Amino acid sequence: MPSPRRRPAGAAASLFGPDFTAEYGALWTRYTRRISPGVARLLRRHGARSGRVLDLGCGPGTLAAHLSARGYQVLGLDRSPAMLRLARLVAPAARFVVADIARARLPGADVVVSTFDSLNYLHRARDLQRLFGRVARALPPGGVFLFDVLTPDELRAGPPQEDLVYRSARAIVAIRIERRRDRIGWVRHTVRTLPRLSGGPPPPIEVHDQRVYAPADVARWLRAAGFTPRRLAGYPGVTTQPGRAVFLAVRRETRVSRRSSAGTRPA
Ligand SMILES: C[S@@+](CC[C@H](N)C(=O)[O-])C[C@H]1O[C@@H](n2cnc3c(N)ncnc32)[C@H](O)[C@@H]1O
């Protein structure tokens, strides 16, 4: 698979366009709906009963709706405008801003969350390490960063290539999944969305590349950024699939340096 790094700038910005996003909102929110009560429980358990929540790669606002209904002030960041149009309908009490989490300045928050593999869209380890540094600076000491991430086990979770077809009232979505076990490890979803009623040209094919990250690296980068990380078996009440790791990282008391990820070599 060609490295996504070589893709033309702007290619990523066209992911989760309006047609696929409408289907995603109808077909793929079940996981986040299932984990949302457990996320809220974990936050309460760590003393965050209210306050500002930053949701990185918030998608269609599923978790934002759950948390804002429980009194949190949620700010969702996502680079897909179509996702945020949906999120504003789903979670009207939350705020949403189009932003690339690989480089956006993060406002102060009491909690930061990122669910359902959003961080795997960061293709360079350096970007993930830097994001951890920015999250640490956005949080107060004791602040919680809760997220999940696809790991190399995901590459063994299915065949190297498989084709799936989903049908909704509005469209047919054909997805080819490729699992690449090369030095870095990628999961690629090639998505073709065919609206049933549209007479116009078919929507563009979307190629979603997600880089898998080893839990040991993630834990090391979190520690370097100023967190005490713990890998969980899943979100409370939901055991995650083997290829997805859930991390709860607590910002340490020590001052977090402006320099990112001391002592680690980005790939
Ligand atoms: C698989 S969806 C998960 C959405 C949501 N967190 C959930 O639990 O349903 C991944 C989301 O991450 C967003 N995303 C991917 N890369 C991003 C980036 N660099 N900056 C902001 N958002 C990004 C996508 O637009 C998409 O909405």
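**A walk through the model**

Analyst: Happy to! This is a predicted model. Let's start with R103, which sits in the loop between β3 (95-98) and β4 (111-114).

User: Is R103 buried or exposed?

Analyst: R103 counts as exposed, because it has 10 C-beta neighbours inside 10 Å, and the cut-off for exposed is 12 or fewer.

User: And how far is R103 from L131 in space?

Analyst: Their C-alpha atoms are 7.7 Å apart, while in sequence the two residues are 28 apart.

User: Okay, helices now. At what angle do α5 and α6 cross?

Analyst: The axes of α5 (residues 125-138) and α6 (residues 215-225) cross at roughly 40 degrees and come within 9 Å. That angle is why α5 is oblique to α6. The crossing of α5 past α6 is right-handed.

User: Which residues make the contact?

Analyst: From α5 there are L128, Q129, F132, G133 and A136, and from α6 there are W221, L222 and A225. Sorted by class, the contact of α5 with α6 has six nonpolar residues, two polar ones and no charged ones.

User: Switching topic: how many residues surround the ligand?

Analyst: The ligand is surrounded by 22 residues, and the closest are G57, G59, F116, S118 and Y121.

User: Which elements give two or more residues to that shell?

Analyst: Those are α3 (62-69) and β2 (72-78).

User: What about the classes of residue in the shell around the ligand?

Analyst: That shell divides into 11 nonpolar, seven polar and four charged residues.

Conventions. Residues numbered from 1 in each chain as written. Predicted model: local features only at pLDDT ≥ 70, side-chain atom pairs only at ≥ 80, totals over all residues. Axes fitted to C-alpha atoms, helices over the stretch in contact; angles between N-to-C directions. Helix = DSSP H or I, 4+ residues; strand = E, 2+ residues; numbered from the N terminus. Parallel < 35°, antiparallel > 145°, perpendicular 65-115°, else oblique. Left-handed = near helix turned anticlockwise from the far one by under 90°. Contact = placed C-beta atoms within 7 Å. Nonpolar A, V, L, I, M, F, W, Y, C, P; charged D, E, K, R; others polar. Near = placed C-beta within 6 Å. Buried ≥ 20, exposed ≤ 12 C-beta atoms within 10 Å, placed from the backbone.
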